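Dear colleague,

Here is the structure I said I would pass on. My notes on it follow below.

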Amino acid sequence: MTARPQSLHEYLLEQFSFFSIDPVQRQFGEYLIQHLDHNGRLQSMLPEIAQQFNRLYEHQLTNEQADEVLKMIQHLDPPGVGARDH
């Protein structure tokens, strides 16, 4: 039996795991990666995603921290991941 190919989300999560960051930022990064579309693009506004994350997990992640995490994701492979139209 052949193994299924690794999904984009799995590939990004694997790469993201190598960053040494605060546990809340790590959790948000994983949450954010799961909210990328199949092409690796953000489909919602980052502040909205951060607000949903804070409500869901009862955290106080700031928009600045969310932006820092997005910038980390944007440095992952493949190029262009985490791009946004807004």
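Of the contacts in the chain between residues at least 6 apart in sequence, 60% join residues at least 24 apart. Please keep in mind that this is a predicted model.

On secondary structure, the chain has four helices and zero strands, in the order α-α-α-α along the sequence.

As for overall dimensions, a compact globule of 86 residues would have a radius of gyration near 12 Å, and the 13 Å of the chain agrees with that. Along the principal axes, the C-alpha atoms fill a box of roughly 45 × 30 × 20 Å.

The largest nonpolar core holds 21 residues, and Phe 16, Phe 28, Leu 32 and Ile 73 are the ones that touch the most other members. Two or more residues of this core come from each of α1 (8–16), α2 (23–34), α3 (46–57) and α4 (63–74). The largest share, five residues, is supplied by α4. Leaving aside residues up to four places away in sequence, Leu 32 touches Leu 42, Leu 46, Ile 49, Leu 70 and Ile 73.

Across the chain, 36% of the 86 residues are buried.

Regards

Methods
Residues are numbered from 1 along each chain as its sequence is written. This is a predicted model: local features need pLDDT of at least 70, side-chain atom pairs count only at pLDDT 80 or more; totals for chains, interfaces and linings use all residues. Side-chain values use heavy atoms; hydrogens and water are left out. The radius of gyration is taken over C-alpha atoms; the globule rule is 2.2 Å times the number of residues to the power 0.38. Buried means under 20% relative accessible area, exposed over 50%, partly exposed in between (1.4 Å probe, protein chains only). Contact means heavy atoms within 4.5 Å. A nonpolar core is a set of buried Ala, Val, Leu, Ile, Met, Phe, Trp, Tyr and Cys residues joined through side-chain atoms within 4.5 Å.
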